[in-house]
Amino acid sequence: MGQTLQEGGNAEFGSSVIQDVWACDTLEKAKAFIASPRHASDDESPYKIKMQNYVGGAFTTPSSSSTTTTSQYIDAINPKTGRVFGQVPISSADEVEHTLRAATEAFGSWSATPAAARSKHLQRVAGLIQENRELFAVWESIDQGKTLERARVEVDRAVSNFNYFSTFILHQQTAARVVDGSNILTYEHRSPAGVFALISPWNMPLYLLTWKMAPCLAFGCTAVAKPSEVTSMTAFLLCEVFRRAGLPPGAMNVVFGDGATTGSALVRSPLVRGGVSFTGGTATGIQIRRDTADQIYKHLSLELGGKNPTLVFGDVELDKAVQTAAMAAFENQGEICLCGSRIYVQDSIYNDFVAASTAYVQATYKCGERVGAVVSHQHYTKIRSYLLLAQSEGATFSSSTSTSTSNPETIIPPADPTNGYWIPPVILTDVPPTSRLLQDEIFGPVATISRFATEDEAVALANENPNGLAAVLLTRDGGRMRRVGERLEAGLVWVNCWLVRELGTPFGGMKSSGTGREGGEYSRDVFTHVRTLHMPLQ
Ligand code: NAD
């Protein structure tokens with residue numbers, strides 16, 4: 001299947017490709033590396049960065065010795081320029097199976113490793129990501145299109161993921177009781193559930209993948225992880241961290257590839273005995289549920305799409321409310337599943353709120369500064385199609401470009417971008433209540449502002465959507481915070497704040513936004529089996 005690489009003959013690095021990339025820990029070095037010509041002796045690939053799977057503790061190049069498919073590659077593209085900077089393998093079903101065997105082999109010893117020892121491994125991983133913070137941030141920014149500042153925040157959160165679960169497992173409590181009227185002791189016992197498939201999307205690549213990897217390893221499971229084919233770079237770097245941290249071979253493996261070939265083979269495989277932890281779109285989540293329906297033993301944790309409301313009541317402090325709503329709408333170009341892209345404002349402050357938001361977004365959310373490029377040409381085209389829909393439905397446009405007018409013709413970006421996938425944030429008003437703009441997840445820098453009169457109407461509008469991931473509630477009325485907050489159909493509700501996370505609280509959505517919760521003991525439920533033992537005390 002794959003061949004183990006130590007090419008370059010360097011004991012310090014897992015592979016020569018990693019060695020080259022690892023040296024590029026500033027934006028300037030990375031850009032210079034990408035732009036510099038290849039040597040005549042280099043292999044047939046026109047790109048210097050040809051990512052490799054990480055299987056059983058070694059970097060492997062998917063090879064054409066696979067019996068069913070010849071491995072293919074897809075381009076890794078810098079969204080800020082639209083130019084290719086590397087290649088991502090599409091691992092075949094055979095390669096996935098081969099990798100799962102490595103995870104299966106490692107499961108016996110890793111699942112029996114004491115929690116204290118597992119904890120130390122996780123801490124070493126956290127420490128190595130921390131030490132190489134800028135390296136990860138630089139490549140995340142190049143690969144995903146996000147700003148370097150935003151990428152740094154997400155690297156820090158990846159470090160927190162490993163640190164949090166490294167200590168969580170040292171303080172476990174289990175229930176034990178003596179059955180009333182007898183001397184039978186009954187207690188809860190947990191054991192690692194098995195080999196997992198961990199699958200993540202492209203919007204916060206390192207952060208979301210480590211949110212799965214850290215608890216998976218902490219609770220004694222092994223895994224094959226597959227990042228999004230659109231943003232694979234930081235997962236590739238992470239493999240080197242696992243190698244340097246001395247993580248036992250096979251405990252965490254990474255295969256690269258798309259959903260149709262690689263992801264599908266991974267979730268369906270009977271070697272995935274533990275389950276699937278998936279974050280991505282709702283349609284993919286439904287497909288995964290179908291594909292695993294017969295394998296009832298698999299734990300499924302599905303974190304899916306959102307179309308989140310922000311409710312702004314008339315009693316708010318206007319400036320603060322504008323800032324929170326804008327951040328919730330446009331951070332990371334609106335490419336966060338938790339973004340509040342449907343803003344509903346009470347009649348009494350509606351006009352003031354729209355005017356202040358327009359001015360604030362124009363001043364604050366400038367492309368190339370606080371706003372990065374959207375992730376891909378395909379996604380650019382999707383977002384653009386919603387702007388065309390808004391135009392056809394007669395919505396009013398305002399945009400963050402300094403030269404903006406309210407004319408959609410000057411705001412809607414060109415069909416064929418020539419220098420990266422840039423879409424300045426757009427605020428839409430006068431959107432028809434039945435519009436798909438209020439129903440579909442656009443997942444880009446586009447927010448609507450609509451009005452409401454009463455508290456009941458606000459709750460009804462917020463809940464009038466198939467998704468139920470998150471909601472933002474802006475009010476100074478303490479009673480309303482609970483009254484409205486507890487009626488919102490959303491797994492996460494933020495009152496007068498946004499994106500604040502405590503890693504022990506449950507994370508996940510209602511309705512079409514998914515099933516299952518992750519975080520602290522909720523992650524423990526995903527990655528462990530629980531059995532209840534009963535035994536006489538004498
Ligand atoms: P996607 O569903 O297209 O892809 C997600 C991952 O699934 C990718 O790695 C992809 O290769 C893989 N995949 C695709 N088809 C598959 C299949 N049949 N079997 C197995 N794997 C398959 O989503 P995306 O476009 O990468 O990400 C955007 C979506 O993710 C949005 O809907 C967003 O809301 C959602 N998201 C949700 C959360 C959350 O926590 N709820 C967080 C981030 C993103």
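These are my notebook entries on a predicted protein model.

**Ground rules.** I number residues from 1 along each chain as its sequence is written.

**Entry 1: overall build.** I looked up the secondary structure and found 17 helices and 24 strands. These are DSSP runs numbered from the N terminus: helices are H or I with at least four residues, strands are E with at least two. Next came the radius of gyration, taken over C-alpha atoms. The protein comes out at 24 Å, close to the 24 Å of the globule rule for 538 residues, so it is as compact as a globular protein of that length. That rule is 2.2 Å times the number of residues to the power 0.38. The C-alpha trace spans about 80 × 65 × 40 Å along its principal axes.

**Entry 2: surface and contacts.** I checked burial: 56% of the 538 residues are buried. Buried is under 20% relative accessible area, exposed is over 50%, and partly exposed lies in between (1.4 Å probe, protein chains only). The protein exposes about 21,100 Å², and carbon and sulfur atoms supply 52% of that. The areas come from the Shrake-Rupley method with a 1.4 Å probe; for residues, only the protein chains shown count as cover. I then turned to contacts, meaning heavy atoms within 4.5 Å. Of the contacts with a separation of 6 or more, 77% join residues 24 or more positions apart.

**Entry 3: nonpolar cores.** A core here is a set of buried Ala, Val, Leu, Ile, Met, Phe, Trp, Tyr and Cys residues joined through side-chain atoms within 4.5 Å. The largest has 109 residues; Trp139, Phe162, Met213, Met252 and Leu338 touch the most other members. Helix 7 (residues 205–218) gives the most to this core, with 10 residues. A second, separate core of 33 residues includes Ala390, Ile412, Ala462 and Ala490. I also listed the partners of Met252 beyond four places in sequence; among them are Tyr54, Leu198, Met213, Phe242 and Leu247.

Entry 4: Ile18 is in helix 1 (residues 16–22). At 0% relative accessibility, Ile18 is buried. Beyond four places in sequence, Ile18 touches Phe13, Phe59, Phe236, Leu237 and Glu240. Ile18 and Lys50 are 32 residues apart in sequence, and their C-alpha atoms are 9.6 Å apart. Arg243 lies in helix 8 (residues 233–244). Arg243 is partly exposed, at 23% relative accessible area. Arg243 and Phe13 are 230 residues apart in sequence, yet 8.8 Å apart from C-alpha to C-alpha.

**Entry 5: Ser200.** I found Ser200 in the loop between strand 9 (195–199) and helix 7. Ser200 is buried, at 4% relative accessibility. Leaving out residues up to four places away, Ser200 touches Leu209, Lys226, Pro227, Ser228 and Thr279.

**Entry 6: Asn308.** Asn308 sits in strand 14 (residues 308–312). The relative accessible area of Asn308 is 1%, which means buried. Beyond four places in sequence, the contacts of Asn308 include Cys337, Leu338, Arg342, Leu469 and Ala470. Asn308 and Asp258 are 50 residues apart along the chain, with 27 Å between their C-alpha atoms.

Definitions and conventions. Predicted model: local features only at pLDDT ≥ 70, side-chain atom pairs only at ≥ 80, totals over all residues. Heavy atoms only, no water.
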